[in-house]
Amino acid sequence: ALVPMLGDPETRTRVVVATTLKRIGGLAIPGLLVGFRYPDPELRARVTTLIAKIAPQDDAVIAALREAT
C-alpha cells in the first residue's frame with residue numbers, strides 16, 4: 001500500500017514512494033487512481049502528478065482521471 005504513503009509528513013518518504021511508483025510504471029496506475037478517494041488534497045495532487053508522468057498519453061487513464069475528478 002504505497003499510495004497512502006504519498007501523504008506521509010516526511011519528504012524523504014514521499015520521494016522514495018514516488019520514485020518507486022514511477023519505476024513500477026503502468027502497473028501502479030490502478031492503485032494511484034484509488035488515491036483520488038483520499039481526503040488529503042496534497043496526496044491527490046501527488047497522485048495526479050505521478051499519473052501524468054507515468055501514463056500521459058494513455059486514453060484509459062485519461063478517462064479514469066475524468067471519472068475520478
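I51 lies in helix 3, where helices are DSSP runs of H or I with at least four residues, strands are runs of E with at least two, and both are numbered from the N terminus. The structure is a predicted model, in which local features need pLDDT of at least 70 and side-chain atom pairs count only at pLDDT 80 or more, while totals for chains, interfaces and linings use all residues. Residues are numbered from 1 along each chain as its sequence is written, and side-chain values use heavy atoms, with hydrogens and water left out.

At 1% relative accessibility, I51 counts as buried, a term that stands for under 20% relative accessible area, with exposed meaning over 50% and partly exposed in between (1.4 Å probe, protein chains only). When residues up to four places away in sequence are not counted, I51 touches I29, L32, L33, F36, P56, V61 and L65, contact being defined as heavy atoms within 4.5 Å. I51 and A28 are separated by 23 residues in sequence, and their C-alpha atoms are 8.8 Å apart in space.

One of the residues touched by I51 is I29, which has its place in helix 2 and is likewise buried, with a relative accessible area of 7%. In the case of A55, which is 26 residues from I29 along the chain, the two C-alpha atoms are separated by 8.1 Å. L32, also touched by I51, is itself in contact with V3, L6, L21, V47, L50, I51 and I54 once its neighbours within four places in sequence are left aside.

In soluble globular proteins, nonpolar side chains tend to be buried together.

In helix 1, where V17 has its place, this residue is buried at a relative accessible area of 4%. With neighbours within four places in sequence left aside, V17 is in contact with L2, M5 and L6. V17 and L65, 48 residues apart in sequence, are 21 Å apart from C-alpha to C-alpha.

For the protein as a whole, four helices and zero strands are found, and the pattern read along the sequence is α-α-α-α. The C-alpha trace spans about 35 × 25 × 15 Å along its principal axes. The radius of gyration of 11 Å agrees with the value near 11 Å for a compact globule of 69 residues, the quantity being taken over C-alpha atoms and the globule rule being 2.2 Å times the number of residues to the power 0.38. Buried residues make up 28% of the 69 residues. Among contacts with a separation of 6 or more, 50% are accounted for by residues 24 or more positions apart.
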